Amino acid sequence: MVLNSLNLILSILIATCLVILQETMSNMFWLISVDMPVTIGVFVSTYFSNLLLMNGGGAIPIVALIAVGFLIAYTVAKILLIWINVSKANAYALAGAAAIMAIVLLMPLAFYNLDVLAGGRSILGKTILVFFGLVSGYYFGKSLEKQRV
Amino acid sequence: MRKRILISIGLIFSIHLIASEENYAYETLAEDLSHPWGLAVIDENNIIFTELSGNLRIIENGKLNPEPLSGVPEVLFAGQGGLSGIILDPSFNDNKRIYIAFSSPDAGKKTNTLEVVSATLNSGSISNVKTIFKASPSRRTAAHYGARMAFLDDGTLLITSGDGFNYREQAQYLDNHYGKIVRINTDGSIPQDNPFLSNTAALPEIWSYGHRNLQGITVVDGVVYENEHGPMGGDELNIAEPAKNYGWPAITYGKDYSGATISPFTEKEGMEQPIKYWVPSIAPSGMAYYDDTLFPNWTDSLLISALVPGDVRRLKVENSKITEEEILFSDLGRIRDVASSPDGTIILATDGPNGKLIRVIKK
């Protein structure tokens with residue numbers, strides 16, 4: 001139980017760090033494209049600043065948003081696993097992907113098509129974010145499988 | 001960081017934050033208005049104004065006409081969109097022409113854009129409605145239209161066009177109208193001295209660029225002042241000039257609403273600095289220049305209405321520097337627009353579904 005909770009928290013933190021990495025990269029790559037002096041130092045300091053501010057200085061802490069999404073998606077996955085014969089890693093990977101997809105697709109509907117996560121404005125950006133959800137969910141499912149072994 | 005601190009200390013000592021020495025009172029001109037947004041003062045007893053929900057209203061001889069003016073084009077009333085900016089023609093007394101900016105739904109209504117029309121004001125209606133500007137390309141969002149206007153001394157019309165929120169990077173490119181001030185003649189044609197006319201990659205209407213959501217613009221002795229919303233922090237007051245790049249979003253003093261850093265840079269060569277910026281945001285919403293003497297302490301000041309927390313900022317600008325700043329009318333809530341009347345009083349539009357038009361009079 002304790003281990004499950006720890007893995008759940010880790011999976012949420014992995015997703016949070018990856019989503020913020022994508023947001024940072026999206027902004028930095030564009031700045032580079034218009035000849036702004038983005039160095040590795042600027043990139044790293046911006047990423048760490050984003051880790052702090054996107055979880056405590058914005059409208060909604062991104063970690064809380066992801067946690068809610070993952071909790072709902074993982075619960076649904078757990079219920080479905082009773083009837084569907086699929087590996088936990090794959091099931092939770094899909095659940096993680098679905099959670100992030102819901103966040104990037106549903107949030108704009110609530111805000112007149114405004115993408116609050118700027119990194120998710122393009123189809124490529126949305127795809128990358130969903131992939132990161134998949135990776136985080138896969139980690140969680142795999143950790144559950146390891147416990148059983 | 002050290003530079004920012006030094007600038008902040010410098011500003012503290014160079015700007016005189018003063019308490020108002022004027023005695024004033026409020027007189028309600030109209031109430032229960034549906035999101036009043038833009039207002040234009042015809043004379044001291046006649047004011048025409050927009051409601052974001054799509055109504056064009058008029059106060060005639062000091063009384064609100066209960067019926068909205070007819071003949072207004074269809075508007076998209078959603079998010080921040082709707083019937084927005086309004087301005088009188090410089091020769092209004094002779095030609096009765098007005099100009100209205102609004103968010104206009106495209107066919108199929110999945111996209112929309114900023115549109116400006118000219119029209120003739122009649123009793124109870126407008127007529128001869130003609131589209132003179134449509135921002136390109138259209139957008140899927142219903143935010144950041146800009147939609148304010150001002151006339152230059154040569155009779156050309158400046159229109160503010162916001163970045164559409166999702167399209168912020170486009171403010172740096174000249175092949176679109178996102179995040180721009182555009183300049184056109186009142187018939188919609190392009191002035192032959194527009195700054196990017198010879199640039200075939202640029203849209204010919206563009207006058208300045210690198211803006212975000214410009215909600216106030218006024219011209220004082222040929223100097224164009226514009227204020228714009230930053231994201232979370234970084235609202236700006238700029239002196240706008242042709243062909244200049246105001247930096248958004250490559251440089252900014254604000255953060256994204258998610259908390260993310262949009263840009264870690266606040267300055268770059270070739271990009272203009274604001275003459276003032278606000279962190280945290282005040283959400284500047286309209287601007288007027290007060291040159292009357294009814295309130296002598298306020299003469300020759302910029303008045304900027306603000307939505308957060310809700311007040312009017314009075315700023316005195318000398319040699320492109322703010323020399324005085326004062327917070328006025330902070331007991332009215334969110335203020336959407338401000339104008340000065342020929343009798344020296346000040347007209348305010350409060351924001352929201354139960355908005356008011358208020359006249360500030362001498363006590």
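Which residue in the turn of the hairpin formed by strand 11 of chain B and strand 12 of chain B has a positive phi, and how many residues lie between the two strands?

Modeller: This is a predicted model, with an ipTM of 0.94 and a pTM of 0.93, and the residue you ask about is Gly155(B), whose phi is positive at about 90° in a turn where five residues lie between strand 11 and strand 12 of chain B. Strand 11 itself, residues 146-151 of chain B, has five of its six residues buried, so the rest of the structure largely encloses it.

On one side, strand 15 (residues 213-220) runs antiparallel to strand 16 and is joined to it by seven bridges, with Glu226(B) in strand 16 as the bridge partner of Ile217(B). The hairpin that these two strands make has two residues between them, and Asp221(B) takes a positive phi near 50° there. Strand 16 is also joined to strand 17 (residues 235-240), again in the antiparallel sense, by five bridges, and here Tyr225(B) is placed opposite Ile239(B) of strand 17. In this second hairpin, five residues separate strand 16 from strand 17, and Gly233(B) has a positive phi near 85°.

Elsewhere in chain B, Asn95(B) belongs to helix 2, residues 92-95. Asn95(B) has 14 other C-beta atoms within 10 Å and is therefore partly exposed, and its C-alpha atom is separated by 11 Å from that of Asn122(B), a residue 27 places away along the chain.

As for confidence, chain B has a mean pLDDT of 94, and 94% of its residues reach 70 or more, but residues 6-16 of chain B stay under 50 and have five contacts in the model beyond four places in sequence. Where pLDDT is low, the predicted coordinates should not be read in detail.

Chain B also meets chain A, with 23 residues of chain B in contact with 24 residues of chain A. On the chain B side of that meeting there are ten nonpolar, eight polar and five charged residues.

Within chain A, helix 2 (residues 40-53) has 14 residues and reaches 20 Å from its first C-alpha to its last, close to the 20 Å expected. Its buried residues are Thr46(A), Asn50(A) and Leu53(A). They cover an arc of only 70° around the axis, so they sit on the same side of helix 2 of chain A. What covers these buried residues includes helix 1 (2-33) of chain A, whereas the face turned away from the buried side carries exposed residues, among them Val44(A) and Phe48(A).

Helix 4 of chain A, residues 88-110, has 23 residues and reaches 32 Å from its first C-alpha to its last, close to the 33 Å expected. Its buried residues include Tyr92(A), Gly96(A), Ile100(A) and Val104(A), and the helix is followed by Tyr112(A), which has a positive phi near 50°.

Definitions and conventions. Residues numbered from 1 in each chain as written. Chains lettered and ligands numbered in written order. Predicted model: local features only at pLDDT ≥ 70, side-chain atom pairs only at ≥ 80, totals over all residues. pLDDT = per-residue confidence, 0-100. Contact = placed C-beta atoms within 7 Å. Pairing = 2+ DSSP bridges. Helix = DSSP H or I, 4+ residues; strand = E, 2+ residues; numbered from the N terminus. Expected span 1.5 Å × (residues − 1). Buried ≥ 20, exposed ≤ 12 C-beta atoms within 10 Å, placed from the backbone. Nonpolar A, V, L, I, M, F, W, Y, C, P; charged D, E, K, R; others polar. Arc of directions from axis to C-beta.
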